[in-house]
Amino acid sequence: MPRQFIAPLIVLVVLMLSSCSSDGKSDPTKPQVMELNEIWNILENWQGIYSGTLPIEDTTAIGIDVNLELRPDSTYLLHLTTLHDNPADNDTNQFAGNIEWDNDNQIIVLKDLDTISDKLKIVEEGVEVLNYDRSPKDGKLAEFFVLKRKK
């Protein structure tokens with residue numbers, strides 16, 4: 001396992017152990033924590049193809065269809081299709097580049113990308129597209145900013 005994952009893993013293990021009650025029953029007042037093997041699976045299997053449709057606040061378009069491939073060699077391939085009411089007006093662009101992990105190894109940065117946020121976080125459901133300041137999206141449309149992993 002790469003050294004960059006060891007510190008976050010230790011923190012997750014400590015959190016898991018501290019959230020267990022001494023009698024073996026879970027405490028409903030404490031947040032539920034994933035099993036260690038689930039965490040391992042997410043961290044070890046970040047490579048893959050992810051897709052979804054991002055909402056946008058543009059009056060001429062209705063969304064952006066996203067297909068993202070995160071490759072094991074730390075590169076990515078991204079297809080973005082701007083969706084319009086008239087499908088003939090749809091516009092598709094392709095981007096490719098390198099992947100970098102931020103300093104705390106929790107956020108992926110897609111290098112050489114300036115069309116949508118280049119900050120991503122691996123989550124259980126897929127890949128979350130973050131704001132430019134690395135904060136998660138909020139509000140009614142937040143759920144649409146998680147790209148689902150294709151099987």
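What percentage of the contacts in the protein chain with a separation of 6 or more is accounted for by residues 24 or more positions apart? The share is 34%, where contact means heavy atoms within 4.5 Å. This is a predicted model, in which local features need pLDDT of at least 70 and side-chain atom pairs count only at pLDDT 80 or more, while totals for chains, interfaces and linings use all residues. Residues are numbered from 1 along each chain as its sequence is written, and side-chain values use heavy atoms, with hydrogens and water left out.

The protein chain contains two helices and eight strands, taken as DSSP runs numbered from the N terminus (helices are H or I with at least four residues, strands are E with at least two). Along the sequence these elements follow the pattern α-α-β-β-β-β-β-β-β-β. Of the 151 residues, 35% count as buried, a class defined as under 20% relative accessible area, with exposed meaning over 50% and partly exposed lying in between (1.4 Å probe, protein chains only).

A cavity here is a set of points, on a 1 Å grid over the protein atoms alone, where a 1.4 Å probe fits but cannot get out, and its lining residues have an atom within 4 Å of a point. Grid points are joined across faces, edges and corners, and the volume is the space filled by probe spheres set on the points. The largest cavity has about 30 Å³ of space, and its lining consists of Val66, Leu68, Leu78, Leu110, Leu113, Ile116, Leu120, Val129 and Leu147. By class this lining has nine nonpolar residues and no polar or charged ones, given that Ala, Val, Leu, Ile, Met, Phe, Trp, Tyr, Cys and Pro count as nonpolar, Asp, Glu, Lys and Arg as charged, and the others, Gly among them, as polar.

The charged side chains can be followed through their pairings. Side chains of opposite charge can pair when their charged atoms come close. With a salt bridge defined as a side-chain nitrogen of Lys or Arg within 4 Å of a carboxyl oxygen of Asp or Glu, the count comes to three. In one of them, Glu100 pairs with Lys111, the closest N and O atoms being 3.9 Å apart. This pair links distant parts of the chain, since Glu100 is in strand 4 (residues 91–101) and Lys111 is in the loop between strand 5 (107–110) and strand 6 (119–123), 11 residues apart. Glu100 counts as partly exposed because its relative accessible area is 42%, and Lys111 is likewise partly exposed, at 31%.

Glu69 and Arg71 form a salt bridge at 3.6 Å, N to O; Glu69 is partly exposed at 28% relative accessibility, and Arg71 is partly exposed at 29%. Lys119 and Asp118 are also joined by a salt bridge, with 2.6 Å between the closest N and O atoms. Here Lys119 counts as buried because its relative accessibility is 12%, and Asp118 counts as buried at 13%.

What is the nearest side chain of opposite charge to Glu128, which is buried yet has no salt bridge? That side chain is Lys121, 5.8 Å away, where Lys and Arg count as positive and Asp and Glu as negative, with His and the chain ends not counted. Glu128 is found in strand 7 (residues 126–129), and, leaving aside neighbours within four places in sequence, its contacts include Lys119, Leu120, Pro136 and Phe145.

Asn67, in strand 2 (residues 63–70), is partly exposed with a relative accessible area of 23%.

The backbone deserves a last look. Most residues other than glycine have a negative phi, and most peptide bonds are trans. Ser74, in the loop between strand 2 and strand 3 (75–83), has a positive phi near 65°, and it is partly exposed at 28% relative accessibility. Asp112 also has a positive phi near 65°; this residue is in the loop between strand 5 and strand 6 and counts as exposed because its relative accessibility is 68%.

Note on methods:
On a 1 Å grid over the protein atoms alone, a cavity is a set of points where a 1.4 Å probe fits but cannot get out, and a pocket is an open set with protein on both sides within 12 Å along at least five of seven lines; lining residues have an atom within 4 Å of a point.
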